[in-house]
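I opened the file and went through it one element at a time. These are my entries, in the order I made them.

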Amino acid sequence: MTAVAAPVEVEAAAAVAPGPRRRRWRRLVSPVAILLLWQALSMIGVLSPDKLPAPSTVFQTGWRLAADGTLGANLLDSLTRAAVGLLIGGVLALALGAAAGLLRVGDDIIDPPVQMARMLPHLALVPLLIIWVGIGESMKITLVALGVFFPLYFNTYAGIRDIDERLVEAARTCGLGTWARLRHVILPGALPSLFLGLRLAIGAAWLSLVVGEQTNTQNGIGFLMMEAREFSQTDVVVLGLFVYAGLGLLSDLLLRMLERKALAWRRGLQAT
Amino acid sequence: MAARIAGDVSTLVRAAGVRRAFGATTVLDGVDLAIGPGEVVALLGGSGSGKSTLLRILAGLDPEATGTVSVPREHAVVFQEHRLMPWKRVTDNVGLGVSGGNVRARIAAALTEVGLADRARSWPAELSGGQAQRVAFARALVREPRVLLLDEPFGALDALTRLKMQDLFGRLRARHGFAALLVTHDVDEALLLADRALVLDGGRIAEELPVRLEHPRAPDDPGFGPLRRQLLDRLGVPQRHP
């Protein structure tokens, strides 16, 4: 009797408050269901393969392109563009954001034009960029750098401005000079904001890359998709979408791991 | 910036003619002050009397003040809030800006003195208010200060913790013999800890009262009554007469 009753009780408790592990699995249910439904609709012919190929077809295409090296080579080209743009835009944003956040004269000179330029949707600059730097590689990299610059600049600026002035004073009474205060107070204090800025910046970088790679490109994931569209290879187009989504997901995951490590003090209470 | 001059041997901290105005409001109107080696001076005053302003000037945190100020380089400040860096563990907060040999050992010794040797690896967010303030005292002690500048250091603590901290301060002072300027609005605290009490009023030191009572003191000592009454009178607190 008791042997039967016990598991029932456990299940009832679990249904009221599922553990985090159980919840994580439960959150997988609906995406998998959608994928299965998509596959089923393709197999019974409701979805035409010209409009939307089955997930299994997309997977097979991905496998084929990965095996012959096409996917890897184009992925590397796209990643390089994103990385170079991120580096240029990131360094500029950090330098200008820090100058505007730390120095009054920097704030007066740098912040007004940046605030005005922020209102321009940077993706709408493509025609102008083509006139300025041509349709080659520099146009794509400039577009990524522009996308990266604004979120990172604003979060660097805000992160520095939001630091508790009383902590800076305390550091001063501890005998810390300007550089030591930058290192021990300003940088760690602005770090949460910098991480937020970086996450937004990376999101903007992928978006800029997608748009940039649709104009006169000879390589990259965007090129793969544009070329496939001309030959009506819908499976490759969908594969490209999946790759873009995967890149965004992966970079976010990586950054979150880094953040957890660097900002351990914020979780101080849970950590012990 | 108040001019900083070299002090002589008998006075450790000296301020002369210190003035500070915020807009049209003059908060300090020519303050003179001297603290001898090992002397604890309480600075009392009503809200907005400028006692914290004076302490900030002595700590070198107010570049707008005028007058002459002399404070030894070996000074440390404890504020009303602990002001620990949330991103540094307790041990790194205590050692902030400390240089020289065996820093680790000195930090450990300072933490032991405030009774927190076992919390060296904690984050400030994991400490109670009283513990965090004890870390702030350890951060001051590790600098081996000749004078401590204390801005209502027990003001944000609950009543019980405050009593324990006042006791701790008394013991630390007996062991290290540092001088201190203790800004407070608590008359009993001033009488408990200080050798001399000053009352700041109208931008000047309006009253100076030596506290000649034996250590350790307790608020129910017979000598407390008259001194307390005198200070409260000067601070404008009406007295109930039996």
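I began with what lies over the buried residues of helix 8 of chain A: the cover includes helix 9 (178–212) of chain A and strand 6 (75–78) of chain B. I keep in mind that this is a predicted model.

Next I looked up which residues of helix 8 (residues 165–173) of chain A are buried. They are Leu167(A), Ala170(A), Ala171(A) and Thr173(A). They span an arc of only 160 degrees around the axis, so they sit on the same side of helix 8 of chain A.

I then checked what follows the helix. Gly175(A) comes after helix 8 of chain A, and its phi is positive, near 85 degrees.

**Chain B against chain A**

How many residues of chain B are in contact with chain A? I noted 16 residues of chain B, in contact with 18 residues of chain A. On the chain B side, eleven of the residues are nonpolar, one is polar and four are charged.

I moved on to helix 11 (residues 234–262) of chain A. It has 29 residues. From first C-alpha to last it reaches 42 Å, close to the 42 Å expected at 1.5 Å a residue.

Asp235(A), Val236(A), Val238(A), Leu239(A) and Gly240(A) are buried in helix 11 of chain A. For their cover I wrote down helix 3 (55–67) and helix 10 (221–230) of chain A, among others that may be included.

I followed up on helix 3. The axes of helix 3 and helix 11 of chain A come within 9 Å and cross at roughly 80 degrees. That angle falls in the range 65 to 115, so I logged helix 3 and helix 11 of chain A as roughly perpendicular to each other.

Which residues meet there? From helix 3 of chain A I listed Thr57(A), Val58(A), Thr61(A) and Gly62(A). From helix 11 of chain A I listed Asp235(A), Val236(A), Val238(A), Leu239(A) and Phe242(A). The residues of this contact divide into five nonpolar, three polar and one charged.

**Ala34(B)**

My last stop was Ala34(B), in strand 3 (residues 25–35) of chain B.

Setting aside neighbours within four places in sequence, I found Ala34(B) in contact with Thr11(B), Val13(B) and Arg14(B). I also took one distance. Ala34(B) and Glu126(B) are 92 residues apart along the chain, and their C-alpha atoms are separated by 39 Å.

Technical notes:
Residues numbered from 1 in each chain as written. Chains lettered and ligands numbered in written order. Predicted model: local features only at pLDDT ≥ 70, side-chain atom pairs only at ≥ 80, totals over all residues. Contact = placed C-beta atoms within 7 Å. Nonpolar A, V, L, I, M, F, W, Y, C, P; charged D, E, K, R; others polar. Helix = DSSP H or I, 4+ residues; strand = E, 2+ residues; numbered from the N terminus. Expected span 1.5 Å × (residues − 1). Buried ≥ 20, exposed ≤ 12 C-beta atoms within 10 Å, placed from the backbone. Arc of directions from axis to C-beta. Axes fitted to C-alpha atoms, helices over the stretch in contact; angles between N-to-C directions. Parallel < 35°, antiparallel > 145°, perpendicular 65-115°, else oblique.
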